[in-house]
Amino acid sequence: MINEIKNKPSFPRDASSIIIIKRKKNQLYVLMGKRSSKSRFMPSIYVFPGGAVERDDYKVNNIFNLSTNIKKSLLKSRSNKHTVAIMLSAIRETAEECGLFLVSHKMKTKYKKLVLNDTWNYFLKKSMLPSTHKLFYFGRAITPSYLKTRYHARFFIAQLNDFCGKIRTNGELENIDWIELKKAKLLPIADVTEFLINRIIHLNNFKSLLEKQNKYPMFTRRNKKQWIKWDE
């Protein structure tokens, strides 16, 4: 019984990422950066900007009052509030790691009393409203149960033109740059990242990437092999 409890898989933590895309000379590029070699999770691996959902990603929506048309059944979220928190996490992490802000317009009200993390405080001080409607759901992935650190990551697509700000790093990601899709596959990347890049290549253009799909992938590994199911 003790061994069973000891070996029980950890519960995956909610996380989210944004695959930011741009077109240049009829080629698609994605924004990626390399995780630190000292990182406990996927050190020295190239990733899309993103990270774990935090408590303030729920709290801040009491001010923003955002909603979404993305079905909670696709993200396997508990509620629309949970879905929006996952989306806000992706927007916050991208702002922190890359200096890019997905904003729809300015809010009329300015907030002086702030109790949130530094990134959401910055949004509020600048009266910037996060643009969840510019995020397009693309799929999800669950870290395999045999690993200690686990995430249930949701991936969204967004266009560079919908962001403001200039690319900079806070140190979490190194070598942040625009990488052409086929070259991105040659970098040290996770298998789920390669799968998502292949899906972007297959869909081929902005219109296909941003329109509603009939099915969305859920990527994981079973018995050390890739395992994919499609959510509808």
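Ground rules, quickly. This is a predicted model, so local features need pLDDT of at least 70, side-chain atom pairs count only at pLDDT 80 or more, and totals for chains, interfaces and linings use all residues. Numbering starts from 1 along each chain as its sequence is written, and side-chain values use heavy atoms, with hydrogens and water left out.

The whole protein, then. We have nine helices and 12 strands. Both are DSSP runs numbered from the N terminus: helices are H or I with at least four residues, strands are E with at least two. The radius of gyration is 18 Å, close to the 17 Å from the globule rule for 232 residues, so the protein is as compact as a globular protein of that length. That radius is taken over C-alpha atoms, and the rule is 2.2 Å times the number of residues to the power 0.38. The C-alpha trace spans about 55 × 50 × 40 Å along its principal axes. Of the 232 residues, 51% are buried. Buried is under 20% relative accessible area, exposed is over 50%, and partly exposed is in between, with a 1.4 Å probe and protein chains only.

Contacts next, meaning heavy atoms within 4.5 Å. Take those with a separation of 6 or more: 68% are between residues 24 or more positions apart.

Pairing here requires at least two DSSP bridges between two strands. Strand 5, residues 101–106, joins strand 6 by three bridges. H105 has L129 in strand 6 as its bridge partner. On the strand 9 side, there are two bridges. There, F101 stands opposite C164, and L102 stands opposite F163.

D162 is buried, at 18% relative accessible area. Beyond its neighbours within four places in sequence, D162 contacts F101, L102, V103 and K134.

The whole structure holds eight aromatic pairs. Rings of Phe, Tyr and Trp (its six-membered ring) pair if their centres lie within 6.5 Å; planes under 30 degrees apart are stacked, over 60 edge-to-face, and the rest tilted. How far apart are the ring centres of F101 and F123? They are 5.4 Å apart with planes at 55°, so this pair is tilted. F101 is in strand 5 and F123 in helix 6, so the pair ties together parts 22 residues apart in sequence. F101 is buried at 9% relative accessibility. F123 is buried too, at 0%. Ring pairs also build a cluster of F64, F101, W120, Y122 and F123.
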